[in-house]
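This briefing sets out the main features of the chain shown below, grouped by topic. Please read it alongside the sequence and the three-dimensional view.

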Amino acid sequence: MRRSMLAAGAVMVVAGLGIGASGAAAAGQALSGGGEGPAYAHGFWQVTAGKGYWFTCPALENTSSAPIEVIDVELIDPPAVWKTGPARAISLTDVGVLGLGAYDETFAQEPGMNKDYSTRPVRIAPGELSPIHYYLRAEPMTAPGAGHAEGCRFTYRSGHRVYIEDLEADFSLDPEDAY
């Protein structure tokens with residue numbers, strides 16, 4: 001009896017998180033890339049092995065009729081020669097002039113990078129464009145850092161469900177592909 005109550009309690013906790021017992025999240029459809037589309041691309045003219053580079057994910061717009069909370073972001077299919085992470089979520093209203101793009105490691109020293117919103121869920125109201133932009137770090141272990149990452153994968157919560165949604169972008173650490 002005690003064992004079945006414990007198992008029932010575990011099922012209730014998992015169901016309350018909005019994910020199945022397998023831990024899988026549902027495919028999301030609430031995000032738009034803020035108008036960038038598949039032509040959104042960033043790269044570098046010079047790449048040094050062991051040096052960090054930051055890519056800006058597409059701006060997030062919640063196209064659904066319910067609020068969402070972004071809880072994680074990662075690069076989609078980065079090459080094996082890239083060491084990835086961490087992510088930072090920065091408010092453009094905090095930093096002012098910094099915008100979208102690709103930056104070298106000195107970017108992490110900018111004053112606005114000190115206020116990182118990725119440490120807690122970022123809420124986006126229905127129909128709103130988020131003032132928070134996500135930056136992902138990649139470090140090539142070889143030079144050039146051959147290959148591409150295919151964009152940003154967002155994990156977010158809406159209601160009691162967890163969703164994963166990919167936004168396309170082309171990120172490169174190969175100078176031959178610099179944009």
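Buried residues account for 39% of the 179 residues in the chain. The model is a predicted one.

**Overall organisation**

- From the N terminus on, the elements follow the order α-β-β-β-β-β-β-β-α-β-β-β-β-β.
- The chain exposes about 9500 Å², of which carbon and sulfur atoms supply 55%.
- Among contacts between residues at least 6 apart in sequence, 81% join residues at least 24 apart.

**The disulfide**

- Cys-57 and Cys-152 are joined by a disulfide, with an S to S distance of 2.1 Å.
- The disulfide is left-handed, because the torsion about the S-S bond of Cys-57 and Cys-152 is about -90°.
- Cys-57 lies in the loop between strand E4 (53-56) and strand E5 (61-62), while Cys-152 belongs to strand E11 (residues 145-158); the pair therefore ties together parts that are 95 residues apart in sequence.
- Cys-57 and Cys-152 are both buried.

**The largest nonpolar core**

- The largest nonpolar core has 31 residues, and those touching the most other members are Leu-60, Val-70, Tyr-134, Phe-154 and Leu-173.
- Two or more residues of this core come from each of E4, strand E6 (68-75), strand E7 (82-91), strand E9 (122-124), strand E10 (132-140), E11 and strand E12 (161-173).
- E12 gives the most to this core, contributing five residues.
- Leaving aside neighbours within four places in sequence, Phe-154 contacts residues including Leu-60, Val-70 and Tyr-134, each of which is also listed with Phe-154 among the residues that touch the most other core members.

**Aromatic pairs**

- The structure holds four aromatic pairs.
- One of the pairs is formed by Phe-55 and Trp-82, which are stacked at 6.0 Å centre to centre with 20° between the planes.
- This pair links distant parts of the chain, with Phe-55 in strand E4 and Trp-82 in strand E7, 27 residues apart.
- Phe-55 counts as buried because its relative accessibility is 0%, and Trp-82 counts as buried because its value is 5%.
- Tyr-156 and Tyr-163 form another stacked pair, at 5.6 Å centre to centre and with 25° between the planes.
- Tyr-156 and Tyr-163 are both buried.
- Phe-55, Trp-82 and Phe-171 are linked into a cluster by ring pairs.

- Asn-62 lies in strand E5 and is buried, with a relative accessible area of 0%.
- A polar atom of the Asn-62 side chain lies 3.0 Å from the backbone oxygen of Ile-124.
- Not counting residues up to four places away in sequence, Asn-62 touches Ala-30, Pro-67, Ile-68, Ile-124, Ala-125, Pro-126, Gly-127 and Glu-128.
- Ser-130 is placed in the loop between E9 and E10 and is buried, with a relative accessible area of 6%.
- The side chain of Ser-130 reaches the backbone nitrogen of Ile-132 at 3.0 Å.
- Not counting residues up to four places away in sequence, Ser-130 touches Leu-60, Val-122 and Ile-124; Ile-124 is also among the residues touched by Asn-62.

- Ala-26 lies in strand E1 (residues 26-27).
- The C-alpha atoms of Ala-26 and Arg-161 are separated by 7.8 Å, although these residues are 135 residues apart along the chain.
- Not counting residues up to four places away in sequence, Ala-26 touches Arg-161, Val-162, Tyr-163 and Ile-164.

How values were computed:
Residues numbered from 1 in each chain as written. Predicted model: local features only at pLDDT ≥ 70, side-chain atom pairs only at ≥ 80, totals over all residues. Heavy atoms only, no water. Disulfide = S-S within 2.5 Å. Helix = DSSP H or I, 4+ residues; strand = E, 2+ residues; numbered from the N terminus. Buried < 20%, exposed > 50% of the residue type's maximum accessible area, 1.4 Å probe, protein only. Core = buried A, V, L, I, M, F, W, Y, C linked by side-chain atoms within 4.5 Å. Contact = heavy atoms within 4.5 Å. Polar contact = N/O pair within 3.5 Å; in protein donor to acceptor, adjacent residues only side chain to side chain. Areas by Shrake-Rupley, 256 points an atom, 1.4 Å probe, with all protein chains shown as cover. Phe/Tyr/Trp six-rings, centres within 6.5 Å; stacked < 30°, edge-to-face > 60°.
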